[in-house]
Amino acid sequence: MTEGDGRRQYNIWIDPDGQVWIEDPDRGALPLAEALQPGFELVESASALPPPRLPATRTAAAPGPWPDDLAGLWALHDRLLAEPAGPANPGEPTLLDLKRAIAARLFRSCVLCEHRCGVDRAAGERGVCKVGPTSYFADAYVHLAEEREIAPSLCVTLTGCSWHCVYCHTYDIINRVDAGTPLAEPAYAQLYAKTADARTLSFVGGNPDHHVPAILDFLAAAPEGFNRPVVWNSNMYGSPELYKLLDGVVDVYLGDFRYGNDDCAKRLSGLPRCWEPVTRNWKLAKGKLIVRLLLLPGHVDCCLVPMVAWLKAELPEASVSLLSQFHPTYLVAKKAPELDRTPSVAEVAAARAAIADAGLTEVEPTAGTER
Ligand code: SF4
(Lines give C-alpha, C1' and ligand atoms only; values in the text may rest on other atoms or scores of the structure.)
Protein backbone atom coordinates (compact mmCIF):
# COMPACT_ATOMS: atom_id res chain seq x y z
CA MET A 1 0.00 0.00 0.00
CA THR A 2 1.31 3.46 -0.90
CA GLU A 3 1.42 5.89 2.00
CA GLY A 4 0.52 9.57 1.70
CA ASP A 5 4.19 10.53 1.35
CA GLY A 6 4.62 8.19 -1.62
CA ARG A 7 6.48 5.45 0.27
CA ARG A 8 5.08 1.92 0.04
CA GLN A 9 4.43 -0.48 2.89
CA TYR A 10 4.91 -4.23 2.23
CA ASN A 11 3.39 -7.28 3.90
CA ILE A 12 5.93 -10.12 4.14
CA TRP A 13 5.51 -13.67 5.40
CA ILE A 14 7.18 -17.08 5.26
CA ASP A 15 5.18 -20.17 4.31
CA PRO A 16 5.66 -23.69 5.80
CA ASP A 17 8.16 -24.49 3.00
CA GLY A 18 10.32 -21.55 4.08
CA GLN A 19 9.42 -19.54 0.98
CA VAL A 20 9.37 -15.78 1.54
CA TRP A 21 6.43 -13.88 0.08
CA ILE A 22 6.27 -10.13 -0.48
CA GLU A 23 2.76 -8.92 -1.14
CA ASP A 24 2.22 -6.66 -4.16
CA PRO A 25 5.85 -5.70 -4.82
CA ASP A 26 6.90 -2.75 -6.95
CA ARG A 27 10.46 -1.83 -7.95
CA GLY A 28 11.02 -0.36 -4.47
CA ALA A 29 10.75 -3.90 -3.05
CA LEU A 30 13.64 -5.30 -5.11
CA PRO A 31 16.43 -4.54 -2.60
CA LEU A 32 14.28 -6.17 0.07
CA ALA A 33 13.71 -9.27 -2.07
CA GLU A 34 17.43 -9.52 -2.77
CA ALA A 35 18.28 -9.16 0.93
CA LEU A 36 15.71 -11.77 2.00
CA GLN A 37 16.52 -14.25 -0.74
CA PRO A 38 20.13 -14.03 -1.96
CA GLY A 39 20.29 -14.75 -5.67
CA PHE A 40 16.73 -13.48 -6.19
CA GLU A 41 16.14 -12.70 -9.83
CA LEU A 42 13.20 -10.94 -11.38
CA VAL A 43 12.18 -12.70 -14.58
CA GLU A 44 10.14 -10.75 -17.09
CA SER A 45 8.28 -12.38 -19.96
CA ALA A 46 9.66 -12.42 -23.45
CA SER A 47 6.37 -13.61 -24.96
CA ALA A 48 4.23 -11.27 -27.02
CA LEU A 49 0.72 -10.28 -26.00
CA PRO A 50 -2.03 -9.84 -28.57
CA PRO A 51 -2.13 -6.30 -30.01
CA PRO A 52 -4.25 -3.94 -27.87
CA ARG A 53 -7.81 -3.41 -29.14
CA LEU A 54 -8.41 -0.06 -27.47
CA PRO A 55 -6.74 2.08 -30.18
CA ALA A 56 -9.20 0.83 -32.82
CA THR A 57 -12.22 1.24 -30.53
CA ARG A 58 -11.11 4.80 -29.71
CA THR A 59 -10.96 5.77 -33.35
CA ALA A 60 -13.77 3.71 -34.96
CA ALA A 61 -16.72 5.85 -36.00
CA ALA A 62 -20.12 5.53 -34.33
CA PRO A 63 -22.04 7.97 -36.53
CA GLY A 64 -25.11 9.65 -35.11
CA PRO A 65 -27.81 10.44 -34.53
CA TRP A 66 -27.95 7.67 -31.95
CA PRO A 67 -31.24 6.08 -30.83
CA ASP A 68 -32.69 7.43 -27.57
CA ASP A 69 -33.48 4.09 -26.02
CA LEU A 70 -31.02 1.64 -24.46
CA ALA A 71 -32.09 -1.24 -26.70
CA GLY A 72 -31.38 0.91 -29.75
CA LEU A 73 -27.96 1.90 -28.41
CA TRP A 74 -27.10 -1.75 -27.83
CA ALA A 75 -28.23 -2.68 -31.34
CA LEU A 76 -25.99 0.03 -32.81
CA HIS A 77 -23.11 -1.04 -30.55
CA ASP A 78 -23.38 -4.70 -31.52
CA ARG A 79 -23.56 -3.85 -35.21
CA LEU A 80 -20.51 -1.57 -35.09
CA LEU A 81 -18.54 -4.10 -33.08
CA ALA A 82 -19.25 -6.77 -35.70
CA GLU A 83 -18.91 -4.46 -38.71
CA PRO A 84 -16.71 -1.43 -37.89
CA ALA A 85 -17.72 1.72 -39.73
CA GLY A 86 -14.16 2.91 -40.42
CA PRO A 87 -12.27 5.72 -38.73
CA ALA A 88 -14.22 8.60 -37.19
CA ASN A 89 -13.82 12.05 -38.69
CA PRO A 90 -12.58 14.77 -36.32
CA GLY A 91 -15.37 15.62 -33.86
CA GLU A 92 -17.41 12.55 -34.81
CA PRO A 93 -18.38 10.13 -31.98
CA THR A 94 -16.47 6.87 -31.70
CA LEU A 95 -17.33 3.35 -30.69
CA LEU A 96 -15.72 4.09 -27.32
CA ASP A 97 -18.01 7.11 -26.94
CA LEU A 98 -20.98 4.84 -27.61
CA LYS A 99 -19.76 2.39 -24.94
CA ARG A 100 -19.46 5.30 -22.49
CA ALA A 101 -23.01 6.41 -23.27
CA ILE A 102 -24.33 2.90 -22.62
CA ALA A 103 -22.29 2.58 -19.42
CA ALA A 104 -23.78 5.86 -18.17
CA ARG A 105 -27.29 4.43 -18.76
CA LEU A 106 -26.46 1.19 -16.93
CA PHE A 107 -25.12 3.29 -14.04
CA ARG A 108 -28.52 4.91 -13.53
CA SER A 109 -30.14 1.55 -12.86
CA CYS A 110 -27.07 -0.41 -12.00
CA VAL A 111 -26.74 -3.81 -13.63
CA LEU A 112 -22.98 -3.76 -13.99
CA CYS A 113 -22.59 -6.98 -12.05
CA GLU A 114 -24.55 -10.15 -11.44
CA HIS A 115 -26.25 -8.69 -8.35
CA ARG A 116 -28.26 -6.42 -10.69
CA CYS A 117 -29.21 -4.07 -7.84
CA GLY A 118 -31.02 -1.61 -10.12
CA VAL A 119 -30.00 1.38 -7.97
CA ASP A 120 -29.34 4.84 -9.41
CA ARG A 121 -25.62 5.14 -8.70
CA ALA A 122 -25.41 8.56 -10.38
CA ALA A 123 -27.95 9.84 -7.83
CA GLY A 124 -25.94 8.45 -4.93
CA GLU A 125 -27.85 5.22 -4.34
CA ARG A 126 -25.70 2.23 -3.40
CA GLY A 127 -26.11 -1.47 -3.96
CA VAL A 128 -24.31 -4.57 -2.69
CA CYS A 129 -20.87 -3.19 -3.61
CA LYS A 130 -21.63 0.02 -1.65
CA VAL A 131 -19.83 2.08 -4.32
CA GLY A 132 -21.42 5.46 -5.00
CA PRO A 133 -21.30 7.91 -7.89
CA THR A 134 -17.54 8.58 -7.72
CA SER A 135 -14.90 5.96 -8.49
CA TYR A 136 -11.89 6.08 -6.18
CA PHE A 137 -8.57 4.28 -6.52
CA ALA A 138 -6.69 3.43 -3.36
CA ASP A 139 -3.34 2.81 -5.01
CA ALA A 140 -1.60 2.88 -8.39
CA TYR A 141 1.82 1.27 -8.71
CA VAL A 142 3.79 -0.86 -11.14
CA HIS A 143 3.33 -4.42 -9.86
CA LEU A 144 6.30 -6.65 -10.62
CA ALA A 145 4.83 -9.99 -9.65
CA GLU A 146 1.61 -10.36 -11.54
CA GLU A 147 1.58 -13.37 -13.86
CA ARG A 148 4.67 -13.22 -16.03
CA GLU A 149 2.78 -12.63 -19.30
CA ILE A 150 1.46 -9.27 -18.10
CA ALA A 151 4.10 -8.08 -15.60
CA PRO A 152 5.20 -5.45 -14.90
CA SER A 153 1.73 -3.97 -14.85
CA LEU A 154 0.46 -0.60 -13.69
CA CYS A 155 -2.23 -1.71 -11.24
CA VAL A 156 -4.95 0.85 -10.63
CA THR A 157 -6.48 -0.47 -7.42
CA LEU A 158 -10.12 0.59 -7.23
CA THR A 159 -12.24 0.47 -4.10
CA GLY A 160 -15.24 -1.72 -3.22
CA CYS A 161 -16.24 -5.21 -4.28
CA SER A 162 -19.35 -7.14 -5.23
CA TRP A 163 -18.14 -10.06 -3.08
CA HIS A 164 -17.72 -9.96 0.68
CA CYS A 165 -15.21 -12.71 1.36
CA VAL A 166 -14.45 -13.54 5.00
CA TYR A 167 -10.78 -14.05 4.01
CA CYS A 168 -10.42 -10.84 1.95
CA HIS A 169 -6.82 -9.65 1.98
CA THR A 170 -7.73 -6.18 0.70
CA TYR A 171 -10.56 -5.59 3.17
CA ASP A 172 -9.37 -2.02 3.83
CA ILE A 173 -9.88 -1.23 0.13
CA ILE A 174 -13.18 -3.10 -0.04
CA ASN A 175 -14.74 -1.39 2.93
CA ARG A 176 -13.49 2.17 2.51
CA VAL A 177 -15.20 2.76 -0.81
CA ASP A 178 -14.96 6.55 -0.71
CA ALA A 179 -11.30 6.74 0.35
CA GLY A 180 -8.46 7.40 -2.06
CA THR A 181 -8.19 9.47 -5.22
CA PRO A 182 -11.05 9.99 -7.67
CA LEU A 183 -10.42 8.28 -11.01
CA ALA A 184 -11.00 11.55 -12.85
CA GLU A 185 -9.08 14.63 -13.86
CA PRO A 186 -6.54 15.73 -12.60
CA ALA A 187 -5.25 12.20 -11.82
CA TYR A 188 -5.12 11.02 -15.45
CA ALA A 189 -1.74 12.47 -16.47
CA GLN A 190 0.07 10.98 -13.50
CA LEU A 191 -1.47 7.55 -14.07
CA TYR A 192 -0.59 7.49 -17.76
CA ALA A 193 2.96 8.64 -16.97
CA LYS A 194 3.36 5.56 -14.74
CA THR A 195 2.52 3.24 -17.63
CA ALA A 196 5.90 4.14 -19.17
CA ASP A 197 7.46 1.67 -16.71
CA ALA A 198 4.84 -1.04 -17.30
CA ARG A 199 4.07 -3.65 -19.91
CA THR A 200 0.31 -3.57 -19.31
CA LEU A 201 -2.38 -1.48 -17.62
CA SER A 202 -4.45 -3.42 -15.06
CA PHE A 203 -7.70 -2.45 -13.42
CA VAL A 204 -7.95 -4.29 -10.14
CA GLY A 205 -9.54 -3.93 -6.71
CA GLY A 206 -11.46 -4.69 -4.86
CA ASN A 207 -13.03 -5.22 -8.18
CA PRO A 208 -13.17 -3.01 -11.28
CA ASP A 209 -16.64 -3.99 -12.57
CA HIS A 210 -18.60 -1.35 -10.67
CA HIS A 211 -16.23 1.38 -11.93
CA VAL A 212 -16.72 0.82 -15.66
CA PRO A 213 -18.10 4.30 -16.46
CA ALA A 214 -15.08 6.01 -14.85
CA ILE A 215 -12.66 3.53 -16.44
CA LEU A 216 -14.06 4.11 -19.93
CA ASP A 217 -13.82 7.88 -19.40
CA PHE A 218 -10.21 7.43 -18.31
CA LEU A 219 -9.38 5.30 -21.36
CA ALA A 220 -11.06 7.82 -23.67
CA ALA A 221 -8.59 10.41 -22.32
CA ALA A 222 -5.50 8.29 -23.06
CA PRO A 223 -2.67 10.23 -24.65
CA GLU A 224 -2.12 9.93 -28.38
CA GLY A 225 -0.29 6.69 -29.16
CA PHE A 226 -1.11 4.95 -25.86
CA ASN A 227 -0.89 1.24 -26.65
CA ARG A 228 -0.53 -0.79 -23.47
CA PRO A 229 -2.73 -3.91 -23.37
CA VAL A 230 -5.58 -3.51 -20.87
CA VAL A 231 -5.97 -6.20 -18.19
CA TRP A 232 -9.25 -6.77 -16.33
CA ASN A 233 -8.40 -8.29 -12.96
CA SER A 234 -11.79 -9.22 -11.52
CA ASN A 235 -13.89 -11.80 -9.69
CA MET A 236 -15.67 -12.62 -12.98
CA TYR A 237 -19.03 -11.67 -11.47
CA GLY A 238 -19.96 -9.00 -13.99
CA SER A 239 -23.26 -8.93 -15.84
CA PRO A 240 -23.49 -10.05 -19.50
CA GLU A 241 -23.88 -6.35 -20.38
CA LEU A 242 -20.54 -5.60 -18.74
CA TYR A 243 -18.72 -8.17 -20.87
CA LYS A 244 -20.22 -6.65 -24.01
CA LEU A 245 -18.96 -3.21 -22.98
CA LEU A 246 -15.47 -4.59 -22.34
CA ASP A 247 -15.33 -6.28 -25.75
CA GLY A 248 -12.93 -4.15 -27.81
CA VAL A 249 -11.44 -2.50 -24.71
CA VAL A 250 -9.93 -5.29 -22.60
CA ASP A 251 -7.18 -7.54 -23.94
CA VAL A 252 -6.50 -9.87 -21.02
CA TYR A 253 -8.94 -11.24 -18.46
CA LEU A 254 -7.04 -12.09 -15.29
CA GLY A 255 -9.99 -13.47 -13.39
CA ASP A 256 -10.80 -15.46 -10.31
CA PHE A 257 -12.37 -18.89 -10.38
CA ARG A 258 -12.74 -19.67 -6.70
CA TYR A 259 -15.65 -21.93 -5.97
CA GLY A 260 -16.67 -25.28 -7.37
CA ASN A 261 -20.15 -25.06 -5.86
CA ASP A 262 -22.63 -22.44 -4.63
CA ASP A 263 -22.61 -23.56 -0.98
CA CYS A 264 -18.95 -22.63 -0.45
CA ALA A 265 -19.49 -19.35 -2.35
CA LYS A 266 -22.45 -18.44 -0.15
CA ARG A 267 -20.75 -19.29 3.12
CA LEU A 268 -17.38 -17.69 2.39
CA SER A 269 -18.29 -14.78 0.07
CA GLY A 270 -21.98 -14.15 0.78
CA LEU A 271 -23.03 -14.90 -2.80
CA PRO A 272 -26.56 -16.10 -3.54
CA ARG A 273 -25.26 -17.91 -6.65
CA CYS A 274 -21.86 -18.19 -8.21
CA TRP A 275 -21.13 -21.22 -10.41
CA GLU A 276 -23.54 -20.37 -13.23
CA PRO A 277 -22.64 -16.66 -13.64
CA VAL A 278 -18.89 -17.19 -13.27
CA THR A 279 -18.71 -20.06 -15.75
CA ARG A 280 -20.99 -18.09 -18.13
CA ASN A 281 -18.69 -15.07 -17.89
CA TRP A 282 -15.54 -17.01 -18.63
CA LYS A 283 -17.18 -17.87 -21.94
CA LEU A 284 -18.35 -14.29 -22.57
CA ALA A 285 -14.90 -12.76 -22.00
CA LYS A 286 -13.25 -11.92 -25.32
CA GLY A 287 -9.47 -11.82 -25.06
CA LYS A 288 -6.60 -13.74 -23.54
CA LEU A 289 -7.84 -15.67 -20.52
CA ILE A 290 -5.74 -16.25 -17.42
CA VAL A 291 -7.77 -18.17 -14.85
CA ARG A 292 -6.67 -17.65 -11.26
CA LEU A 293 -7.45 -20.66 -9.10
CA LEU A 294 -7.18 -19.61 -5.45
CA LEU A 295 -6.31 -22.66 -3.39
CA LEU A 296 -8.35 -22.37 -0.20
CA PRO A 297 -7.25 -24.74 2.60
CA GLY A 298 -9.60 -27.73 2.75
CA HIS A 299 -11.28 -26.88 -0.59
CA VAL A 300 -9.44 -29.14 -3.01
CA ASP A 301 -12.19 -31.72 -3.53
CA CYS A 302 -15.22 -29.42 -3.25
CA CYS A 303 -13.85 -26.47 -5.24
CA LEU A 304 -10.55 -26.95 -7.05
CA VAL A 305 -11.28 -30.36 -8.60
CA PRO A 306 -14.68 -29.37 -10.13
CA MET A 307 -13.22 -26.10 -11.45
CA VAL A 308 -10.33 -27.92 -13.12
CA ALA A 309 -12.74 -30.45 -14.63
CA TRP A 310 -14.88 -27.61 -16.03
CA LEU A 311 -11.84 -25.86 -17.51
CA LYS A 312 -10.68 -29.06 -19.13
CA ALA A 313 -14.09 -29.58 -20.74
CA GLU A 314 -15.02 -25.99 -21.59
CA LEU A 315 -11.89 -23.77 -21.79
CA PRO A 316 -8.88 -26.00 -22.36
CA GLU A 317 -7.04 -23.16 -24.13
CA ALA A 318 -7.08 -20.86 -21.07
CA SER A 319 -3.92 -20.37 -19.03
CA VAL A 320 -4.24 -21.37 -15.40
CA SER A 321 -2.58 -19.56 -12.52
CA LEU A 322 -2.63 -21.49 -9.26
CA LEU A 323 -2.54 -19.14 -6.27
CA SER A 324 -1.18 -21.23 -3.41
CA GLN A 325 -0.14 -18.36 -1.15
CA PHE A 326 -3.41 -18.10 0.81
CA HIS A 327 -2.83 -16.91 4.36
CA PRO A 328 -5.59 -16.31 6.90
CA THR A 329 -6.68 -12.74 7.49
CA TYR A 330 -9.70 -10.50 8.12
CA LEU A 331 -12.72 -12.45 9.51
CA VAL A 332 -11.37 -15.99 9.08
CA ALA A 333 -10.84 -16.81 12.76
CA LYS A 334 -14.40 -15.75 13.61
CA LYS A 335 -16.38 -16.87 10.57
CA ALA A 336 -14.46 -19.69 8.85
CA PRO A 337 -12.05 -21.29 11.35
CA GLU A 338 -11.28 -24.09 8.87
CA LEU A 339 -9.45 -21.50 6.76
CA ASP A 340 -7.23 -20.43 9.64
CA ARG A 341 -4.09 -21.93 8.09
CA THR A 342 -2.10 -21.88 4.87
CA PRO A 343 -2.65 -24.65 2.29
CA SER A 344 -0.63 -27.75 3.17
CA VAL A 345 2.20 -29.05 1.02
CA ALA A 346 -0.03 -32.05 0.16
CA GLU A 347 -2.89 -29.76 -0.95
CA VAL A 348 -0.61 -27.71 -3.19
CA ALA A 349 0.77 -30.93 -4.71
CA ALA A 350 -2.77 -32.30 -5.24
CA ALA A 351 -3.85 -29.09 -6.95
CA ARG A 352 -0.82 -29.07 -9.25
CA ALA A 353 -1.41 -32.74 -10.10
CA ALA A 354 -5.09 -32.09 -10.92
CA ILE A 355 -4.13 -29.23 -13.26
CA ALA A 356 -1.42 -31.30 -14.95
CA ASP A 357 -3.67 -34.36 -15.28
CA ALA A 358 -6.30 -32.19 -16.98
CA GLY A 359 -3.69 -31.07 -19.54
CA LEU A 360 -4.13 -27.41 -18.60
CA THR A 361 -1.28 -24.94 -19.07
CA GLU A 362 -0.10 -23.35 -15.86
CA VAL A 363 1.45 -19.89 -16.16
CA GLU A 364 4.80 -19.18 -14.58
CA PRO A 365 4.65 -16.81 -11.63
CA THR A 366 7.32 -14.15 -11.40
CA ALA A 367 9.74 -15.76 -8.96
CA GLY A 368 9.85 -15.19 -5.23
CA THR A 369 7.04 -12.70 -4.77
CA GLU A 370 3.32 -12.80 -4.29
CA ARG A 371 0.86 -11.93 -6.98
S1 SF4 B 1 -22.01 -2.89 -9.42
FE2 SF4 B 1 -23.16 -4.71 -8.84
S3 SF4 B 1 -23.24 -4.65 -6.59
FE4 SF4 B 1 -22.69 -2.60 -7.26
S5 SF4 B 1 -24.66 -1.50 -7.41
FE6 SF4 B 1 -24.18 -2.31 -9.46
S7 SF4 B 1 -25.24 -4.26 -9.59
FE8 SF4 B 1 -25.11 -3.69 -7.38
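Helix α13 is followed by Gly 359, whose phi is positive, near 75°; helices here are DSSP runs of H or I with at least four residues, strands are runs of E with at least two, and both are numbered from the N terminus. This is a predicted model, in which local features need pLDDT of at least 70 and side-chain atom pairs count only at pLDDT 80 or more, while totals for chains, interfaces and linings use all residues. Residues are numbered from 1 along each chain as its sequence is written.

Glu 347, Ala 351, Ala 354 and Ile 355 are the buried residues of α13. They cover an arc of only 95° around the axis, which puts them on the same side of α13, the arc being that of the directions from the helix axis to the C-beta atoms. An α-helix has 3.6 residues a turn, so residues three or four places apart point the same way. On the other side of α13, Val 345, Ala 346, Ala 349, Ala 353, Ala 356 and Asp 357 are exposed. A residue is buried if 20 or more other C-beta atoms lie within 10 Å of its own, exposed if 12 or fewer, and partly exposed in between, with C-beta atoms placed from the backbone. The cover over the buried residues of α13 includes α11 (300-314), β10 (319-323) and β11 (361-362), where contact requires C-beta atoms, placed from the backbone, within 7 Å.

Strand β11 also belongs to an open sheet of nine strands with mixed pairing, in the order β5-β3-β4-β6-β7-β8-β9-β10-β11. Its edge strands are β5 (181-182) and β11, each of which pairs on one side only; two strands pair if DSSP finds at least two bridges between them. Within the sheet, β7 (residues 230-234) and β8 (residues 252-256) pair in the parallel sense over four bridges, and Ser 234 has Gly 255 in β8 as its bridge partner.

Note on methods
Two residues are in contact if their C-beta atoms, placed from the backbone, lie within 7 Å.
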